[in-house]
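Thanks for coming, everyone. I would like to go through one model this morning, starting with its charged pairs and ending with its cores. Please have the structure open while I talk.

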Amino acid sequence: MKERLSLPSFDGVSALVVGDFMLDKYFSGEVERVSPEAPVPVVNASTEEFRAGGAGNVAVGLRNLGCDVTVVGLVGDDTPGERLSTLLKERGINVSGFVSPDGRPTTLKIRLISDQQHIARIDREDDSACSVNGEGDILSFLDNEVGSGVDVIVVSDYLKGAVTERIFEKCAEMSKRLGIPCVVDPKSESFEKYEGATVITPNRLELNNALQHAGKHKEGAHIAERGQELIRGLNIEMMALTCGDEGIYLIDEEGYHHEAAKPREVYDVSGAGDAVTATLGASLGAGVSDLDSVRLAKYAGGGVVEKMGTVPVDRGMVERQLSRFDGVHSLIEESSVYGSAELASIVEGWKDAGEKVVFTNGCFDIIHVGHVSYLYEAKSLGSRLVVALNSDESVRRLKGDGRPVVSESERASIIASLECVDAVSIFGEDTPLTLIETIKPDVVAKGGDYDEDEIVGHRVIKKWGGEVASLSYVEGISSSKIIEQLQGKHESK
């Protein structure tokens, strides 16, 4: 029987993302007429949204999974560059590796969308090679600011000029010197540029283009066999080849392994490669085996294609894919466990519909009657209840070795199965303050054993007109006391 795959904690995994960073801007609205000036639709844009694109989407995905992230790349000294930096910093991403060469604009992609269909895209970019000064600044940062604490280097090359041969050579050299993986999402027609990488993550088209360029396109040969021949000559340890609805191939010198895709409804394939790269990088950086890292990356890509637009991967998305498709199912058929980005969108929808959103948090290690009573009371304060759950690493820091007794995925499934709970999110920090600031609930509630000024978020929630509530506290019942009682009974035997 195949052992059930699980998503590990990535707390403490430090990822360095080098590549082409972009700002994605979305205009959404209704099309009600054709322009009198030309036979084109007129989009009455009612909403606009900004997202980090390109290597930025990979960086946000790594952060959502729980990694510490530092980014290195080119941004312009302009308004889009400022907005992109702010978006990343708000996620807790270190942007000290951004370089702004004179006159080079931030890559900006503007999309017009109506009824979940792309109407048009407008690009503003300079895809020429990085200037000598810009390249020197990046190399200097990699030499002087990046220490031995990095666990994985992720290179996201969109051919916008940041990943020069010298810069990639430095990444490969650091990877070898520090003994850490270097994961590359390649776009160049020549994979020679990525010689010395640990793993590359092309799709089928990108690999075929590289094979054509290298003169290794053999009719009739299996694509995985041709990929094997290509990496063998470039000192690349392995390839994670994504093939859409065919799944993903793990290819190395010994051969290849095929992980079949699962049937799903596809809304938008943009961002799937970023999700695969981010999850593969986080997993390898955490010491997960090559095969399990590829399997986790497959589920990450599968979760992203079910979303509209370019969205970053997050823990909740991967957990739900694992629950649906891998091994024993979760306690609930469709888990309401979400990452912070997805949850923020859901909460915004609830609030737009006039629903009052209540937020609470805790470790919930061993669920007891006090927890259940407390959660139902929290739900009574509004129409939707969001529960933030400490990750395993977070519980361990707060409670000590031996805790938690119950894993984060099981705790999340149990909490989400309660009728009073509408959404669960797992956070890796010691407090849920970042999550509160991201989703902006109407009420932050906590047990009555806390004074209001001790409740995390009591200051920031008032910025958007929210309130803090103290809930009843059931005396004499806690997970810690239950564990102590069980340990006492065991020791007395």
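**Charged pairs, strands and cores**

I start with Glu206, which is buried at a relative accessible area of 13%. Here buried means under 20% relative accessible area, exposed means over 50%, and partly exposed is in between, with a 1.4 Å probe and protein chains only. What you see is a predicted model, in which local features need pLDDT of at least 70 and side-chain atom pairs count only at pLDDT 80 or more, while totals for chains, interfaces and linings use all residues. Residues are numbered from 1 along each chain as its sequence is written, and side-chain values use heavy atoms, with hydrogens and water left out.

Which residue pairs with Glu206 in a salt bridge? The partner is Lys187, with the closest N and O atoms 3.5 Å apart. Lys187 sits in the loop between β9 and β10, whereas Glu206 belongs to helix α5 (residues 204-214), so the pair ties together parts that are 19 residues apart in sequence. The salt bridge rule asks for a side-chain nitrogen of Lys or Arg within 4 Å of a carboxyl oxygen of Asp or Glu.

Another is formed by Lys193 and Asp157, whose closest N and O atoms are 2.8 Å apart. This pair links distant parts of the chain, 36 residues apart: Lys193 is in the loop between β9 (182-185) and β10 (199-200), and Asp157 is in the loop between β8 (152-156) and α4 (165-178). Lys193 counts as buried at 19% relative accessibility, and Asp157 counts as buried at 1%.

Glu408 lies in helix α13 (residues 408-416) and Arg315 in helix α9 (residues 315-325), so parts that are 93 residues apart in sequence are tied together. Glu408 is buried, at 3% relative accessibility, and Arg315 is buried as well, at 9%. There is also a network of salt bridges linking Lys109, Arg121, Asp123, Glu125 and Lys160.

Now the sheet. In what order do the strands of the 9-stranded open sheet run? The order is β5-β4-β1-β8-β9-β10-β11-β12-β13, and the pairing is mixed. β5 and β13 (255-259) are at the edges with a single partner strand each, so one side of each has no neighbour in the sheet. Two strands count as paired if DSSP finds at least two bridges between them.

Strand β4 (residues 68-74) has 6 of its 7 residues buried, so the rest of the structure largely encloses it. β4 runs parallel to strand β1 (residues 14-19), with 6 bridges joining them, and pairs in the parallel sense with strand β5 (residues 94-99) over 4 bridges. Val72 of β4 stands opposite Val18 and has Gly97 as its bridge partner in β5. Val18 also stands opposite Val155 in β8, where β1 and β8 pair in the parallel sense over 5 bridges.

On to the backbone. Phe364 has a positive phi of about 50° although it is not a glycine. Phe364 lies in the loop between β14 (357-362) and α11 (369-379) and is buried, with a relative accessible area of 4%. Asn235, also not a glycine, has a positive phi of about 60°, and sits in the loop between α6 (223-232) and β11 (238-242).

Last, the cores. A nonpolar core here is a set of buried Ala, Val, Leu, Ile, Met, Phe, Trp, Tyr and Cys residues joined through side-chain atoms within 4.5 Å. The largest has 52 residues, and Val17, Phe21, Leu62, Val71, Leu88 and Val313 have the most contacts inside it. Apart from it lies another core of 42 residues, including Leu142, Ile180, Leu207 and Leu234.

How values were computed. Helix = DSSP H or I, 4+ residues; strand = E, 2+ residues; numbered from the N terminus.
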